Amino acid sequence: MNQLPRILLLTASYGAGHLLASYAIKEYCLRYGLANVQIIDLMKEAHPLLNKISTAVYMGSFHAARFGINYYGWSYYLTQKPNPYSPVLAGLNRLGCRQLVNIIRKEQPDAIINTFPYGSAPVVGHSLGIPTFTIITDFLMHARWIHPDINKFYVATDDLKQDMINSGILQELIEVTGIPIREAFERHRYPNENKRKRMILILAGSHSEHYLISEMVQKILALKGNHITIVCGRNTKLEQFLNHQFGSVSEITILGFIDQMNELMASASCIISKAGGITLAESLALKIPVFIFRPFAGQEMDNATYFSKKGVAFISYHIYELVNQIQDYLSNDAYASLIRSRMENFHRERATERIVKDVIGNILGYKKRISAPSS
(Lines give C-alpha, C1' and ligand atoms only; values in the text may rest on other atoms or scores of the structure.)
Protein backbone atom coordinates (compact mmCIF):
# COMPACT_ATOMS: atom_id res chain seq x y z
CA MET A 1 0.00 0.00 0.00
CA ASN A 2 1.58 3.27 -1.16
CA GLN A 3 -0.54 5.61 0.96
CA LEU A 4 -1.92 5.63 4.48
CA PRO A 5 -5.03 3.49 4.91
CA ARG A 6 -8.20 5.56 5.20
CA ILE A 7 -10.39 4.82 8.23
CA LEU A 8 -13.94 6.03 8.79
CA LEU A 9 -14.79 6.26 12.50
CA LEU A 10 -18.53 6.24 13.20
CA THR A 11 -19.56 7.66 16.55
CA ALA A 12 -22.47 9.42 18.30
CA SER A 13 -22.98 12.19 20.84
CA TYR A 14 -25.17 10.26 23.32
CA GLY A 15 -22.82 10.90 26.21
CA ALA A 16 -19.14 11.70 25.78
CA GLY A 17 -17.72 8.16 25.84
CA HIS A 18 -18.26 7.22 22.18
CA LEU A 19 -16.69 10.48 21.02
CA LEU A 20 -13.73 10.17 23.38
CA ALA A 21 -12.96 6.66 22.14
CA SER A 22 -12.98 7.99 18.56
CA TYR A 23 -10.70 10.89 19.48
CA ALA A 24 -8.27 8.47 21.14
CA ILE A 25 -8.04 6.40 17.94
CA LYS A 26 -7.59 9.46 15.74
CA GLU A 27 -5.02 11.02 18.10
CA TYR A 28 -2.91 7.86 18.02
CA CYS A 29 -3.04 7.67 14.22
CA LEU A 30 -2.05 11.34 13.87
CA ARG A 31 0.81 11.01 16.37
CA TYR A 32 2.35 7.99 14.69
CA GLY A 33 1.24 8.51 11.08
CA LEU A 34 -0.43 5.13 10.78
CA ALA A 35 -3.74 5.99 9.13
CA ASN A 36 -5.88 8.78 7.71
CA VAL A 37 -8.89 8.97 10.05
CA GLN A 38 -12.18 10.84 9.71
CA ILE A 39 -14.75 10.94 12.54
CA ILE A 40 -18.43 11.03 11.56
CA ASP A 41 -21.46 11.36 13.87
CA LEU A 42 -23.69 9.27 11.61
CA MET A 43 -27.00 10.04 13.33
CA LYS A 44 -26.29 13.75 13.19
CA GLU A 45 -25.33 13.53 9.51
CA ALA A 46 -28.10 11.19 8.39
CA HIS A 47 -31.05 12.16 10.58
CA PRO A 48 -30.39 15.61 12.13
CA LEU A 49 -33.97 16.09 13.39
CA LEU A 50 -34.23 12.56 14.79
CA ASN A 51 -30.77 13.00 16.33
CA LYS A 52 -31.88 16.19 18.08
CA ILE A 53 -35.05 14.55 19.37
CA SER A 54 -33.37 11.31 20.47
CA THR A 55 -30.57 13.23 22.20
CA ALA A 56 -33.14 15.28 24.11
CA VAL A 57 -35.04 12.11 25.04
CA TYR A 58 -31.78 10.45 26.18
CA MET A 59 -30.78 13.44 28.30
CA GLY A 60 -34.31 13.73 29.67
CA SER A 61 -34.20 10.12 30.81
CA PHE A 62 -31.77 11.05 33.60
CA HIS A 63 -34.21 13.59 35.00
CA ALA A 64 -37.20 11.24 34.61
CA ALA A 65 -35.31 8.47 36.43
CA ARG A 66 -35.23 10.59 39.58
CA PHE A 67 -39.02 10.32 39.71
CA GLY A 68 -39.05 6.57 39.10
CA ILE A 69 -39.79 6.83 35.36
CA ASN A 70 -36.69 5.10 34.08
CA TYR A 71 -37.69 4.59 30.46
CA TYR A 72 -34.09 4.43 29.23
CA GLY A 73 -33.25 1.66 31.70
CA TRP A 74 -36.39 -0.26 30.77
CA SER A 75 -35.61 -0.10 27.05
CA TYR A 76 -31.96 -1.01 27.68
CA TYR A 77 -32.77 -4.21 29.55
CA LEU A 78 -35.63 -5.20 27.22
CA THR A 79 -33.21 -5.22 24.28
CA GLN A 80 -30.05 -6.43 26.08
CA LYS A 81 -30.15 -10.08 24.99
CA PRO A 82 -29.45 -10.90 21.32
CA ASN A 83 -32.65 -11.58 19.39
CA PRO A 84 -32.38 -11.93 15.60
CA TYR A 85 -36.15 -11.47 15.26
CA SER A 86 -36.36 -8.20 17.23
CA PRO A 87 -38.18 -5.55 15.13
CA VAL A 88 -36.63 -2.82 17.31
CA LEU A 89 -33.06 -3.91 16.54
CA ALA A 90 -33.95 -4.41 12.88
CA GLY A 91 -35.23 -0.84 12.68
CA LEU A 92 -32.19 0.57 14.49
CA ASN A 93 -29.89 -1.33 12.14
CA ARG A 94 -31.32 0.54 9.16
CA LEU A 95 -30.67 4.02 10.56
CA GLY A 96 -28.19 6.05 8.52
CA CYS A 97 -27.85 3.43 5.79
CA ARG A 98 -28.37 5.72 2.77
CA GLN A 99 -26.22 8.52 4.17
CA LEU A 100 -23.45 6.08 5.03
CA VAL A 101 -23.36 4.81 1.45
CA ASN A 102 -22.96 8.41 0.24
CA ILE A 103 -20.18 9.09 2.77
CA ILE A 104 -18.32 5.93 1.74
CA ARG A 105 -18.55 6.81 -1.94
CA LYS A 106 -17.10 10.24 -1.19
CA GLU A 107 -14.40 9.26 1.33
CA GLN A 108 -13.41 5.84 -0.09
CA PRO A 109 -12.36 4.36 3.30
CA ASP A 110 -10.35 1.16 3.60
CA ALA A 111 -12.15 0.29 6.85
CA ILE A 112 -15.02 1.37 9.09
CA ILE A 113 -14.74 1.45 12.88
CA ASN A 114 -17.82 1.77 15.11
CA THR A 115 -17.50 3.32 18.56
CA PHE A 116 -21.30 3.43 18.67
CA PRO A 117 -23.47 0.42 17.76
CA TYR A 118 -24.60 1.37 14.26
CA GLY A 119 -26.06 -1.78 12.73
CA SER A 120 -26.15 -0.14 9.30
CA ALA A 121 -22.33 0.07 9.21
CA PRO A 122 -21.59 -3.68 8.98
CA VAL A 123 -24.47 -4.15 6.52
CA VAL A 124 -23.20 -1.39 4.22
CA GLY A 125 -19.54 -2.31 4.73
CA HIS A 126 -20.22 -5.96 3.90
CA SER A 127 -22.19 -5.06 0.75
CA LEU A 128 -19.41 -2.74 -0.48
CA GLY A 129 -16.51 -5.02 0.47
CA ILE A 130 -15.19 -2.78 3.27
CA PRO A 131 -14.07 -4.47 6.52
CA THR A 132 -15.97 -3.17 9.55
CA PHE A 133 -14.80 -3.22 13.17
CA THR A 134 -16.57 -2.47 16.45
CA ILE A 135 -15.05 -1.08 19.65
CA ILE A 136 -17.38 -1.85 22.56
CA THR A 137 -17.04 1.09 24.96
CA ASP A 138 -18.67 -0.59 27.97
CA PHE A 139 -17.74 -3.55 30.15
CA LEU A 140 -20.82 -5.70 29.63
CA MET A 141 -22.59 -6.98 26.54
CA HIS A 142 -25.67 -5.51 24.90
CA ALA A 143 -27.35 -6.84 21.75
CA ARG A 144 -27.03 -3.45 20.02
CA TRP A 145 -23.30 -4.05 19.60
CA ILE A 146 -23.64 -7.52 18.09
CA HIS A 147 -23.91 -7.99 14.33
CA PRO A 148 -22.98 -10.98 12.13
CA ASP A 149 -21.17 -8.85 9.52
CA ILE A 150 -18.57 -7.38 11.90
CA ASN A 151 -15.02 -8.41 10.96
CA LYS A 152 -13.61 -7.92 14.48
CA PHE A 153 -14.83 -6.86 17.91
CA TYR A 154 -12.50 -5.08 20.37
CA VAL A 155 -13.61 -5.55 23.96
CA ALA A 156 -12.57 -4.53 27.46
CA THR A 157 -12.30 -7.83 29.32
CA ASP A 158 -12.06 -11.61 29.07
CA ASP A 159 -15.46 -11.79 30.80
CA LEU A 160 -17.08 -9.76 28.03
CA LYS A 161 -15.41 -11.93 25.41
CA GLN A 162 -16.80 -15.06 27.05
CA ASP A 163 -20.32 -13.56 27.20
CA MET A 164 -20.12 -12.84 23.48
CA ILE A 165 -18.89 -16.35 22.70
CA ASN A 166 -21.82 -17.71 24.72
CA SER A 167 -24.17 -15.61 22.57
CA GLY A 168 -22.79 -17.18 19.38
CA ILE A 169 -19.91 -14.90 18.29
CA LEU A 170 -16.87 -16.79 17.01
CA GLN A 171 -13.91 -16.61 19.37
CA GLU A 172 -11.48 -15.52 16.63
CA LEU A 173 -13.60 -12.43 15.92
CA ILE A 174 -13.12 -11.04 19.44
CA GLU A 175 -9.93 -9.31 20.59
CA VAL A 176 -9.50 -8.36 24.27
CA THR A 177 -7.71 -5.01 24.08
CA GLY A 178 -9.26 -2.80 26.74
CA ILE A 179 -11.17 0.39 25.92
CA PRO A 180 -9.20 3.02 23.95
CA ILE A 181 -8.19 6.10 25.93
CA ARG A 182 -5.91 9.01 25.11
CA GLU A 183 -2.20 8.38 25.47
CA ALA A 184 -1.89 11.09 28.13
CA PHE A 185 -3.78 8.86 30.57
CA GLU A 186 -1.37 5.99 30.01
CA ARG A 187 1.67 8.14 30.83
CA HIS A 188 0.47 9.50 34.19
CA ARG A 189 0.95 7.89 37.55
CA TYR A 190 -0.71 8.94 40.81
CA PRO A 191 1.42 11.95 41.88
CA ASN A 192 -0.99 12.90 44.68
CA GLU A 193 -0.34 9.71 46.63
CA ASN A 194 2.14 11.13 49.15
CA LYS A 195 0.96 14.74 49.33
CA ARG A 196 -0.11 16.07 52.71
CA LYS A 197 -3.42 17.48 51.42
CA ARG A 198 -5.38 14.97 49.38
CA MET A 199 -7.64 16.02 46.52
CA ILE A 200 -11.13 14.55 46.09
CA LEU A 201 -12.33 15.09 42.53
CA ILE A 202 -16.05 15.31 41.75
CA LEU A 203 -17.01 14.97 38.07
CA ALA A 204 -20.47 16.51 38.29
CA GLY A 205 -21.60 16.32 34.66
CA SER A 206 -24.50 17.75 32.71
CA HIS A 207 -27.39 16.09 34.57
CA SER A 208 -26.29 16.51 38.19
CA GLU A 209 -28.80 17.76 40.74
CA HIS A 210 -27.64 21.10 42.15
CA TYR A 211 -28.75 20.63 45.75
CA LEU A 212 -27.59 17.02 45.86
CA ILE A 213 -24.06 18.07 44.77
CA SER A 214 -24.16 20.88 47.33
CA GLU A 215 -25.11 18.47 50.13
CA MET A 216 -22.44 16.02 48.99
CA VAL A 217 -19.75 18.73 49.10
CA GLN A 218 -20.81 19.89 52.56
CA LYS A 219 -20.60 16.36 53.96
CA ILE A 220 -17.21 15.65 52.33
CA LEU A 221 -15.86 18.93 53.74
CA ALA A 222 -16.21 17.38 57.18
CA LEU A 223 -13.39 14.97 56.24
CA LYS A 224 -10.48 17.14 57.31
CA GLY A 225 -7.19 17.44 55.44
CA ASN A 226 -8.70 17.24 51.94
CA HIS A 227 -9.26 19.58 49.04
CA ILE A 228 -12.39 19.18 46.90
CA THR A 229 -12.30 19.96 43.18
CA ILE A 230 -15.60 19.96 41.28
CA VAL A 231 -15.72 19.81 37.48
CA CYS A 232 -19.06 21.00 36.12
CA GLY A 233 -18.20 20.57 32.44
CA ARG A 234 -20.56 22.59 30.26
CA ASN A 235 -23.19 22.76 32.99
CA THR A 236 -22.84 26.51 33.54
CA LYS A 237 -25.93 26.69 35.78
CA LEU A 238 -24.38 24.20 38.19
CA GLU A 239 -21.06 26.04 38.09
CA GLN A 240 -22.76 29.34 38.96
CA PHE A 241 -24.82 27.70 41.71
CA LEU A 242 -21.76 26.11 43.34
CA ASN A 243 -19.73 29.32 43.07
CA HIS A 244 -22.52 31.11 44.90
CA GLN A 245 -22.55 28.39 47.57
CA PHE A 246 -18.82 27.69 47.99
CA GLY A 247 -16.90 30.38 46.08
CA SER A 248 -15.28 31.72 49.26
CA VAL A 249 -14.29 28.32 50.70
CA SER A 250 -10.52 27.83 50.29
CA GLU A 251 -10.78 24.02 50.41
CA ILE A 252 -12.98 23.95 47.29
CA THR A 253 -12.13 24.60 43.63
CA ILE A 254 -14.98 24.84 41.11
CA LEU A 255 -14.21 24.38 37.41
CA GLY A 256 -16.21 24.42 34.20
CA PHE A 257 -15.11 22.60 31.06
CA ILE A 258 -11.40 21.71 30.98
CA ASP A 259 -9.18 20.11 28.35
CA GLN A 260 -6.45 18.57 30.51
CA MET A 261 -8.68 16.15 32.38
CA ASN A 262 -5.85 13.61 32.55
CA GLU A 263 -3.71 15.94 34.68
CA LEU A 264 -6.59 16.72 37.02
CA MET A 265 -7.60 13.07 37.43
CA ALA A 266 -3.97 12.03 37.95
CA SER A 267 -3.67 14.57 40.77
CA ALA A 268 -6.69 13.20 42.63
CA SER A 269 -6.69 10.73 45.50
CA CYS A 270 -10.11 9.49 44.44
CA ILE A 271 -12.88 10.40 42.01
CA ILE A 272 -16.65 10.69 42.42
CA SER A 273 -18.26 10.11 39.05
CA LYS A 274 -20.85 8.31 36.98
CA ALA A 275 -19.84 4.92 35.59
CA GLY A 276 -19.19 5.68 31.95
CA GLY A 277 -16.97 3.11 30.23
CA ILE A 278 -14.32 5.66 29.22
CA THR A 279 -14.12 7.28 32.67
CA LEU A 280 -13.68 3.87 34.27
CA ALA A 281 -11.01 2.90 31.73
CA GLU A 282 -9.16 6.17 32.41
CA SER A 283 -9.35 5.63 36.17
CA LEU A 284 -7.85 2.15 35.74
CA ALA A 285 -4.93 3.58 33.76
CA LEU A 286 -4.30 6.19 36.46
CA LYS A 287 -4.92 3.75 39.35
CA ILE A 288 -7.34 6.26 40.92
CA PRO A 289 -10.49 4.58 42.28
CA VAL A 290 -13.97 5.81 41.34
CA PHE A 291 -16.81 6.23 43.84
CA ILE A 292 -20.04 5.85 41.89
CA PHE A 293 -23.03 7.62 43.39
CA ARG A 294 -26.52 6.45 42.41
CA PRO A 295 -25.74 4.87 39.03
CA PHE A 296 -28.54 5.06 36.47
CA ALA A 297 -30.07 1.84 35.15
CA GLY A 298 -28.58 0.68 31.87
CA GLN A 299 -24.94 0.43 30.85
CA GLU A 300 -23.95 2.71 33.74
CA MET A 301 -25.43 0.32 36.30
CA ASP A 302 -23.87 -2.66 34.50
CA ASN A 303 -20.43 -1.01 34.45
CA ALA A 304 -20.71 0.03 38.10
CA THR A 305 -21.81 -3.41 39.27
CA TYR A 306 -19.03 -5.10 37.32
CA PHE A 307 -16.32 -2.82 38.73
CA SER A 308 -17.70 -3.16 42.25
CA LYS A 309 -17.60 -6.96 42.01
CA LYS A 310 -13.98 -6.74 40.83
CA GLY A 311 -13.15 -4.64 43.89
CA VAL A 312 -11.89 -1.62 41.90
CA ALA A 313 -14.80 0.82 42.39
CA PHE A 314 -17.46 1.64 44.99
CA ILE A 315 -21.23 2.10 44.65
CA SER A 316 -23.36 4.13 47.06
CA TYR A 317 -26.97 5.34 47.12
CA HIS A 318 -26.88 7.64 50.15
CA ILE A 319 -24.49 10.50 50.84
CA TYR A 320 -23.53 9.19 54.28
CA GLU A 321 -22.64 5.85 52.64
CA LEU A 322 -20.50 7.64 50.04
CA VAL A 323 -18.67 9.69 52.69
CA ASN A 324 -17.98 6.58 54.80
CA GLN A 325 -16.55 4.75 51.78
CA ILE A 326 -14.23 7.67 50.97
CA GLN A 327 -13.13 7.99 54.59
CA ASP A 328 -12.34 4.25 54.80
CA TYR A 329 -10.28 4.47 51.62
CA LEU A 330 -8.34 7.64 52.52
CA SER A 331 -7.64 6.68 56.13
CA ASN A 332 -6.28 3.19 55.45
CA ASP A 333 -3.05 3.14 53.42
CA ALA A 334 -2.94 -0.66 53.22
CA TYR A 335 -6.52 -0.79 51.91
CA ALA A 336 -5.80 1.96 49.36
CA SER A 337 -2.69 0.12 48.20
CA LEU A 338 -4.75 -3.07 47.74
CA ILE A 339 -7.31 -1.23 45.58
CA ARG A 340 -4.58 0.28 43.40
CA SER A 341 -2.94 -3.14 43.04
CA ARG A 342 -6.25 -4.61 41.83
CA MET A 343 -6.59 -1.76 39.34
CA GLU A 344 -3.05 -2.37 38.11
CA ASN A 345 -3.87 -6.01 37.43
CA PHE A 346 -7.24 -5.23 35.84
CA HIS A 347 -6.01 -2.51 33.47
CA ARG A 348 -5.25 -3.39 29.83
CA GLU A 349 -2.37 -1.18 28.76
CA ARG A 350 -2.10 0.48 25.33
CA ALA A 351 -5.60 -0.45 24.17
CA THR A 352 -5.61 2.29 21.53
CA GLU A 353 -2.31 1.10 20.06
CA ARG A 354 -3.47 -2.52 20.01
CA ILE A 355 -6.70 -1.66 18.21
CA VAL A 356 -5.13 0.61 15.58
CA LYS A 357 -2.38 -1.85 14.73
CA ASP A 358 -4.80 -4.77 14.55
CA VAL A 359 -7.20 -2.84 12.30
CA ILE A 360 -4.37 -1.86 9.95
CA GLY A 361 -3.09 -5.43 9.90
CA ASN A 362 -6.58 -6.62 8.98
CA ILE A 363 -6.85 -3.97 6.24
CA LEU A 364 -3.55 -5.06 4.70
CA GLY A 365 -4.53 -8.72 4.94
CA TYR A 366 -7.92 -8.02 3.38
CA LYS A 367 -6.42 -6.09 0.45
CA LYS A 368 -3.84 -8.83 -0.07
CA ARG A 369 -6.56 -11.48 -0.22
CA ILE A 370 -8.77 -9.65 -2.71
CA SER A 371 -5.83 -8.73 -4.95
CA ALA A 372 -4.38 -12.25 -5.03
CA PRO A 373 -4.88 -14.00 -8.40
CA SER A 374 -7.40 -16.81 -8.28
CA SER A 375 -5.99 -20.26 -8.98
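Mentor: Let us begin with a term: a residue is called buried when its relative accessible area is under 20%, exposed when that area is over 50%, and partly exposed in between, with a 1.4 Å probe and protein chains only. Phe-139, at 4% relative accessibility, therefore counts as buried. The model is a predicted one, in which local features need pLDDT of at least 70 and side-chain atom pairs count only at pLDDT 80 or more, whereas totals for chains, interfaces and linings use all residues. Residues are numbered from 1 along each chain as its sequence is written, and side-chain values use heavy atoms, with hydrogens and water left out.

Trainee: Which residues of helix α16 are buried, and where do they lie around its axis?

Mentor: Helices (H or I, at least four residues) and strands (E, at least two) are DSSP runs numbered from the N terminus, and the expected span of a helix is 1.5 Å times one less than its number of residues. Helix α16, residues 333-346, has 14 residues and reaches 20 Å from its first C-alpha to its last, close to the 20 Å expected. Its buried residues are Ala-336, Ile-339, Arg-340, Met-343 and Phe-346. Seen down the axis, these fall within an arc of 120 degrees, so they line one face of α16; the arc is that of the directions from the helix axis to the C-beta atoms. The face turned away from the buried side carries the exposed residues Asp-333, Ala-334 and Asn-345.

Trainee: What do the buried residues of α16 pack against?

Mentor: Contact means heavy atoms within 4.5 Å, and the buried residues of α16 pack against α13 (277-286), α14 (299-309), β12 (313-316) and α15 (319-331).

Trainee: How many aromatic pairs does the structure hold, and how should I read one?

Mentor: Rings of Phe, Tyr and Trp (its six-membered ring) pair if their centres lie within 6.5 Å, and planes under 30 degrees apart count as stacked, over 60 as edge-to-face and the rest as tilted. The structure holds 11 such pairs. In one of them, the rings of Phe-139 and Phe-307 have centres 4.7 Å apart and planes at 80 degrees, so the pair is edge-to-face. Phe-139 lies in the loop between β4 (132-135) and β5 (152-155) and Phe-307 in helix α14, so the pair ties together parts that are 168 residues apart in sequence. Phe-307, at 1% relative accessibility, also counts as buried. Another edge-to-face pair joins Phe-291 and Tyr-329, at 6.1 Å centre to centre with 70 degrees between the planes. Ring pairs also link Phe-139, Tyr-306, Phe-307 and Phe-346 into a cluster.

Trainee: Which residues does Asn-303 touch?

Mentor: Asn-303 lies in helix α14 and, at 0% relative accessibility, counts as buried. Not counting residues up to four places away in sequence, Asn-303 touches Asp-138, Phe-139, Leu-140, Ala-275, Gly-276, Gly-277 and Leu-280.

Trainee: Which residues of helix α11 are buried, and which exposed residues does the face turned away from them carry?

Mentor: In α11 (residues 236-246), the buried residues are Leu-238, Phe-241, Leu-242 and Phe-246. They cover an arc of only 105 degrees around the axis, which puts them on the same side of α11. The face turned away from that buried side carries the exposed residues Lys-237, Gln-240 and His-244, while the buried residues of α11 pack against α10 (210-221), β8 (226-231) and β9 (252-255).
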